[in-house]
Amino acid sequence: MLRKIDEKPNVRVLAKLGAAAATALLFGGPAQASDVLARGAYLARITGCVGCHTPRAPDGGVVEGRLLSGGDHTIAAAGNRGRFYPPNLTPDMETGIGSWQPRDIVKAIKTGTTPDGRVLSTAMPWRSQYDRLTDSDAMAIAAYLKSLPPIRNSVPLASGPSKPAASFEKQSQGKTAR
Ligand code: HEC
């Protein structure tokens, strides 16, 4: 799959066309849908979504058959603010983000805010990293996530420094730099 993406000449062509024309091309119609998904797949690899949100094989590689179904290692949030399992991002309705619209995913990636108003820990690097993604790149990632086969998998609950991370996050929201 990656090889196929690498072969696409579109990036150079789009760069020459300029941002507005590139966006029109990326989202211009059904003929471009596969390009958007390929770009989303590529971005999900190189920005690290796949690496964190996928279980690992014994050799350290990601389990390709369970892509983005939730990580099996906790990620530490800066400043001893707890450890978090990267959740299931496949469109499973119960254990994944199947009920999220693409715009909800874009908002979570770029602002760290979920549809229910929760602010994600910076164990997920949205602040100062993904907040720089262009809207069209974030939308391509969202479209790709929506295209994945749903996989049923709940990741374990996060843990905070002294109490469950979810309530810790809520209480300290806005009071401390994340
Ligand atoms: C360094 C590891 C890491 C990387 C890289 C990462 N994430 Fe996350 N992500 C997390 C963790 C940990 C959480 C849980 C944070 C929390 O619960 O506060 C999370 C939460 C999320 C959520 C919220 C899901 C839910 O059910 O609440 C979404 C959506 C998400 N990440 C999408 C992405 C996308 C898209 C990318 C790539 C652009 C990405 N993540 C890259 C670690 C990561």
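User: Which classes of residue make up the shell around the ligand in this model, and in what numbers?

Analyst: The model is a predicted one, and in it the shell around the ligand divides into 19 nonpolar residues, five polar ones and no charged ones. Of the 24 residues around the ligand, those that come nearest are G48, C49, C52, S121 and M124.

User: Which helices supply at least two residues each to that shell?

Analyst: Helix 5, covering 49-53, and helix 6, covering 102-111, each supply at least two residues of the shell around the ligand. G48, one of the residues that come nearest to the ligand, follows helix 4 and has a positive phi, near 100°.

User: How many helices and strands does the protein have, and in what order do the elements run?

Analyst: The protein has eight helices and two strands, and from the N terminus on its elements run α-α-α-α-α-β-β-α-α-α. Among contacts between residues at least 6 apart in sequence, 54% join residues at least 24 apart, while buried residues make up 29% of the 178 residues in the protein.

User: How should I read the packing of two helices, and at what angle do helix 4 and helix 7 pack?

Analyst: In general, two packed helices are described by the angle between their axes and the distance between the axes. Here helix 4, residues 33-46, and helix 7, residues 135-147, pack at an angle of about 95°, with their axes 7 Å apart, and angles of 65 to 115 degrees count as roughly perpendicular, so helix 4 and helix 7 are roughly perpendicular to each other.

User: Which residues of the two helices meet?

Analyst: From helix 4 come V36, L37, R39, G40, A41, L43 and A44, and they meet D137, A140, I141, A143, Y144 and S147 of helix 7. By class, this contact of helix 4 with helix 7 has nine nonpolar, two polar and two charged residues.

User: Which residues have a positive phi although they are not glycines, and are they buried or exposed?

Analyst: L68 has a positive phi of about 65° although it is not a glycine, and S128 has one of about 70°, again without being a glycine. L68 lies in the loop between helix 5 and strand 1 (75-76), and it counts as buried because 25 other C-beta atoms lie within 10 Å, the cut-off for a buried residue being 20 or more. S128, in the loop between helix 6 and helix 7, is exposed, with 8 other C-beta atoms within 10 Å.

User: Where does M93 lie, and which residues does it touch?

Analyst: M93 is in the loop between strand 2 (83-84) and helix 6, where it is exposed, with 10 other C-beta atoms within 10 Å. Not counting residues up to four places away in sequence, M93 touches G98 and S99. M93 and I151 are 58 residues apart in sequence, and their C-alpha atoms are 9.4 Å apart in space.

Key. Residues are numbered from 1 along each chain as its sequence is written. This is a predicted model: local features need pLDDT of at least 70, side-chain atom pairs count only at pLDDT 80 or more; totals for chains, interfaces and linings use all residues. A residue is near a molecule or strand if its C-beta atom, placed from the backbone, lies within 6 Å of it. Helices (H or I, at least four residues) and strands (E, at least two) are DSSP runs, numbered from the N terminus. Ala, Val, Leu, Ile, Met, Phe, Trp, Tyr, Cys and Pro count as nonpolar, Asp, Glu, Lys and Arg as charged, and the others, Gly among them, as polar. Axes are lines fitted to C-alpha atoms, for helices over the stretch in contact, and angles run from 0 to 180 degrees between N-to-C directions. Angles under 35 degrees count as roughly parallel, over 145 as roughly antiparallel, 65 to 115 as roughly perpendicular and the rest as oblique. Two residues are in contact if their C-beta atoms, placed from the backbone, lie within 7 Å. A residue is buried if 20 or more other C-beta atoms lie within 10 Å of its own, exposed if 12 or fewer, and partly exposed in between; C-beta atoms are placed from the backbone.
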